[in-house]
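Biologist: Please show me the sequence and the model, and then take a few questions.

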Amino acid sequence: MVIIIVSTLVLTVLICKNKVIVMRKKQFKAESKKLLDMMINSIYTHKEIFIRELISNASDAIDKLYFRSLTDDSVALSRDDFKINIELDKDARTVIISDNGIGMTAEELESNLGTIAKSGSLNFKKENSDSENSDDISVIGQFGVGFYSAFMVADRVEVVSKAFGESTAHKWLSEGVDGYTIEECEKADAGTVITLHIKEDNENESYSDYLEQYKISELVKKYSDYIRYPICMEMSHQVPDPEKEGEYITELSVETLNSMVPLWRKSKSEIKDEDYNEFYKSKFMDYSDPVCVIHSKTEGQATFDALMFIPENPPYDYYSKEYEKGLQLYSNGVLIMDKCADLLPDYFSFVKGLVDSADLSLNISREMLQHDHQLKIIAKAIDKKLKNELKKMLSNDREKYEKFFKTFGLQLKYGVYANYGMEKDSLKDLLVFESSNADGMTTLKEYVGRMADSQDSIYYACGDSVQKISMLPQLDAVKEKGFEVLYFTDEVDEFAIQMLMEYDGKKFANICKDDLDLSTDAEKEAIAKKNEESKELLDKIKEALGGEVASVKLSDKLGSHPVSLSTEGYVSLEMAKVLNSMPGANQGIKAQLVLEINSKHPIAAKLSSADDDMLKKYASLLYSSARLIAGLDLENPTEFSDMIAELI
Ligand code: ADP
């Protein structure tokens, strides 16, 4: 049979056994033509999804006939007879996907394949069509474009189909936007056979890959593993020749490429820990078992299965720009999105897993998905589940939780701070901190539970490490009172706590702020009096420091240490450091520094007896050493060292 396409592109002449049949080429409906045109000229890099689309259509068609078989005896097939076949022919450059499902009549071929209008995708295209080369195709490509996706990899697509119960079969044939033909043909049983004539390779695209067994079996596993019917393909293997030692022969066998039963759809009692672990490691490319597996089946406002994992270590690209959070999204066992970001809040960006819901349509576009009510309900339920699971781990397996928190706790702290503290209340009880309490890390609740009657604030101190904080001069006085101090070593800690403002009615207090109120009234009066008496001296020191500090004070809270730096006002030392290190910061944010001098230390007496010249030197030395203790740089370390040497 020879097919000549006449140049008007409207008529197709078929010369068949000496009979000439002239067939009118039918035109695609306008919307379909646009979608098809986008497919053909697609620059979308994941053209491979065509296989998912065609398999899922085949599976739907089988579903329909299978359901019919339950009530209709004329369906001679039983559950195990249904399958999807894939055949590859490298020489002919064809990929053939066939199913023994419900099939299509001529009218159905016409209406289903001639007039596809994926309104969601097309609307999206319209809204975003301002730039010609924009890769909006990549956006719609990801979310299912159905049958037409075949045209991303094939320049000629043939669909032979026989509808169940019909006596004739039909062939739908198209080479692209110019139109399609439908003619009668032979086919024994009901079902559909789709033949894709794979495009020739070009410099950008190696279409020939889709003719490779390994590639197709890899794609089936990736996208359609959980299709409930077997997807079979004849595979060739090299096996040792039994007759000639050292030589190999090719053996052919039909293999089922998909595992068919999604792990998450099995009942929990059927699944062993190893099953979960193996599934996690192979699916999410990790070497270590997950620390936590959350498998849930939810019914109600939204019906979905979720299978989620908390990794032991951050994913290798977790801290890179390329990392994308999200859960895989399945609609009835068919993958519709690899990373659905809307399912996970940022503070759970490390969670891996998937959601399978029959409530979502397979061909939903990203734009529609974002507004999908069901998806929002699912996301909310997942957020709640994860929080509950972490709470459980915190109370049942503290060691495991603390390990988890050391790896991912930072995300939860950012979660408290982000979005103006929208989630602070649901996250605050998941935070744990190091503290001056010897028994390891503490939750805020545990801290408050240990608070003395006389204690009205939750005390904290900031620094680069627990070790550095534990050497802060201010710490002794607080500890002397028997008060516990939380150690904040992450930059975000203080910001998160500012967002919380209080816990259980108790305010947070930075022990390095000058308004730290630990003293009795009598003590306060005494130190105020000393400050008053030494006003002239303190002013001189402040003046000698040339505006570096907002004030100089005598303090009775420094234990045995001579000096320390504290701050007044909202911005603490740590906050200033963080704010100034942010991208785009102009280093303009300064904490209001207060140089505190220990009134009980011999240095205080020494200062009051020094002459003006010496006082300047002492002031500079003490200020520099207070800066060092607070973890701040010295502007001129050489001068500092020279001055020490001079005084020695
Ligand atoms: P969707 O599957 O989202 O409806 P498609 O473009 O993939 O969109 O397919 C359009 C229609 O063509 C399907 O709804 C179905 O009715 C029909 N169809 C596609 N493939 C097959 C098949 N293998 N067997 C029977 N019908 C099919």
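Modeller: One definition comes first: helices (H or I, at least four residues) and strands (E, at least two) are DSSP runs, numbered from the N terminus. This is a predicted model, so local features need pLDDT of at least 70 and side-chain atom pairs pLDDT 80 or more, while totals for chains, interfaces and linings use all residues. Residues are numbered from 1 along each chain as its sequence is written, and side-chain values use heavy atoms, without hydrogens and water.

Biologist: How many cavities of 30 Å³ or more are there?

Modeller: On a 1 Å grid over the protein atoms alone, a cavity is a set of points where a 1.4 Å probe fits but cannot get out; a pocket is an open set with protein on both sides within 12 Å along at least five of seven lines. For cavities of 30 Å³ or more, the count is three.

Biologist: What is the volume of the largest cavity, and which residues are closest to its centre?

Modeller: The largest cavity holds about 240 Å³ of space. It is lined by 22 residues, and those closest to its centre are Cys-462, Leu-472, Leu-573, Glu-574 and Ala-630.

Biologist: Which element gives the largest share of the lining of the largest cavity?

Modeller: At least two lining residues each come from α13 (466–470), α14 (473–480), β23 (563–568), α18 (573–581) and α20 (612–629). By class, the lining of the largest cavity has ten nonpolar, eight polar and four charged residues. The largest share, four residues, belongs to β23.

Biologist: Which element gives the largest share of the lining of the largest pocket?

Modeller: The largest pocket has a volume of about 1200 Å³. Its lining takes two or more residues from each of α2 (49–71), α6 (213–224), α7 (273–284), β14 (327–331), β15 (334–340) and β16 (352–357). The largest share, five residues, comes from β15.

Biologist: Which residues lie nearest the centre of the largest pocket?

Modeller: The lining of the largest pocket divides into 18 nonpolar, eight polar and 15 charged residues. Of the 41 residues in this lining, the nearest to the centre are Lys-283, Met-285, Gln-328, Asp-338 and Lys-339.

Biologist: Is Asn-419 buried or exposed?

Modeller: Asn-419 is in helix α10, and its phi is near 50 degrees, a positive value in a residue other than glycine. Most residues other than glycine have a negative phi. Buried means under 20% relative accessible area, exposed over 50%, and partly exposed in between (1.4 Å probe, protein chains only). At a relative accessible area of 55%, Asn-419 is exposed.

Biologist: Where does Asp-504 lie?

Modeller: Asp-504 also has a positive phi, near 55 degrees, and it is exposed, with a relative accessible area of 57%. Its place is the loop between β20 (502–503) and β21 (506–510).

Terms used: 1 Å grid on protein atoms, 1.4 Å probe; cavity = no way out; pocket = protein on both sides within 12 Å on 5 of 7 lines; lining within 4 Å. Points joined across faces, edges and corners; volume = space filled by probe spheres on them. Nonpolar A, V, L, I, M, F, W, Y, C, P; charged D, E, K, R; others polar.
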